[in-house]
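Subject: Structure for your review

Dear colleague,

Please find the structure below, with the sequence. My notes come after it.

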Amino acid sequence: MTARKIIHVDMDAFYASVEQRDNPELRGKPVVVAWKGNRSVVCAASYEARRFGVRSAMPAARAQRLCPEALFVPPDFTRYRAVSQAVREIFKRHSDLIEPLSLDEAYLDVSENKTGLPTATLVARAIREQIRQELNLIASAGVAPNKFLAKLASDWRKPDGLFVIQPDDVDIFLLPLPVGRLPGVGKVTGEKLEKLEIKTVADLRGLVQSSLEQQFGRFGPRLHELARGVDPSEVVPDRPTKSISAEDTFEHDVPIAETEPMIRSLAEKVWVASRKETRITRTVVLKLKTSEFKILTRSHTPPFPPSTCEELTEIALNLRENVDLGPKRPRPDSGAVLSPSNFPRRPRLPPPAMGETRCSPVPFCST
Ligand SMILES: [Mg+2]
């Protein structure tokens with residue numbers, strides 16, 4: 001099999017850069033894209049704001065403390081989606097195999113590209129140049145023989161960077177990396193690996209597959225591949241999002257009548273995540289897990305998709321009213337999941353009004 005050529009393109013500080021591009025008064029200044037409100041989180045921060053330690057997904061109040069002179073701008077996802085579409089049009093000149101990850105990130109398979117450029121590096125350079133010239137925005141790109149390496153590469157020279165991992169250079173790049181850089185290695189797996197004194201990818205490569213499977217179950221074979229720079233996953237164009245969900249396991253059992261704050265918080269998380277989608281949610285599903293691990297599911301498909309966070313919350317709360325806990329006394333619940341699905345095409349939505357929604361502290365925005 002000949003080596004594939006994958007590009008990962010990641011717009012730099014996307015929402016903040018769009019705001020700076022469109023409003024000269026914001027240029028060169030620390031800009032924080034966030035809704036107002038106590039529970040709001042940062043959707044994006046300009047590089048000027050990042051110098052003060054401001055990061056995506058941190059509480060907006062903390063961002064304000066870190067950088068009191070920051071200029072706060074409410075997010076305008078309708079505009080970001082339009083710009084994202086323009087970026088996509090540039091990608092389409094080079095390949096039909098485009099897999100968007102979010103509004104500001106996508107994989108492209110350019111093993112065969114549409115313009116006849118001889119290398120993937122030249123394709124990535126052309127894409128970055130066209131984004132800069134035509135849209136006046138900056139993108140970083142990574143080029144590699146597979147998706148996971150391309151994503152690591154795009155991050156390597158950020159911002160305004162291009163980094164290429166040639167097939168022969170995979171080990172030079174990969175082996176010294178801390179294992180935490182591998183996709184899927186989060187806190188739990190990271191701590192387990194630390195106990196095994198596995199710090200770098202080179203250490204990880206020393207473990208045989210059977211012992212990885214023993215330690216990490218189904219994730220074991222994937223770790224075995226990643227440690228070798230192998231990732232057979234393909235670039236899947238327009239992978240449809242089937243549903244967006246948020247879930248919470250309560251620290252203590254909570255009577256069903258007292259679950260409103262939790263359901264509100266889940267609805268906010270889901271609403272914010274749904275704003276990043278090109279399609280909108282319609283069917284709303286509420287799942288409640290009882291302390292006996294029984295799962296109660298209720299769903300509702302309204303005639304029109306919910307157009308505000310408040311509408312989504314109302315539907316979810318009404319669903320809770322329909323949950324019948326049976327003839328026995330109401331039992332406490334130990335968890336809840338809210339998951340709207342069934343996406344019709346998104347009609348043109350007006351930008352969210354200020355204060356229309358509140359963000360919850362979930363890391364939902366990449367930059
Ligand atoms: Mg980005």
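This is a predicted model: local features need pLDDT of at least 70, side-chain atom pairs count only at pLDDT 80 or more; totals for chains, interfaces and linings use all residues.

Overall make-up
The protein contains 13 helices and 12 strands. Of its 367 residues, 38% are buried. Taking contacts between residues at least 6 apart in sequence, 63% join residues at least 24 apart.

Helices H1 and H4
Two packed helices are described by the angle between their axes and the distance between the axes. Helix H1 spans residues 14-22 and helix H4 spans residues 77-92. Their axes come within 10 Å and cross at roughly 95°. That crossing falls in the range of 65 to 115 degrees, so H1 and H4 are roughly perpendicular to each other. On the H1 side, the contact is made by Phe14, Tyr15 and Val18; on the H4 side, by Arg79, Tyr80 and Val83. By class, this contact has five nonpolar residues, one charged residue and no polar ones.

Ala144
Ala144 belongs to strand E7, which covers residues 139-144. Is Ala144 buried or exposed? Ala144 has 29 C-beta neighbours inside 10 Å, and the cut-off for a buried residue is 20 or more, so Ala144 counts as buried. Apart from neighbours within four places in sequence, Ala144 is in contact with Ile6, Leu149, Ala150, Ala153 and Ile165. Val164 lies 20 residues from Ala144 in sequence, and the two are 6.1 Å apart in space, C-alpha to C-alpha.

Regards

How values were computed
Residues are numbered from 1 along each chain as its sequence is written. Helices (H or I, at least four residues) and strands (E, at least two) are DSSP runs, numbered from the N terminus. A residue is buried if 20 or more other C-beta atoms lie within 10 Å of its own, exposed if 12 or fewer, and partly exposed in between; C-beta atoms are placed from the backbone. Two residues are in contact if their C-beta atoms, placed from the backbone, lie within 7 Å. Axes are lines fitted to C-alpha atoms, for helices over the stretch in contact, and angles run from 0 to 180 degrees between N-to-C directions. Angles under 35 degrees count as roughly parallel, over 145 as roughly antiparallel, 65 to 115 as roughly perpendicular and the rest as oblique. Ala, Val, Leu, Ile, Met, Phe, Trp, Tyr, Cys and Pro count as nonpolar, Asp, Glu, Lys and Arg as charged, and the others, Gly among them, as polar.
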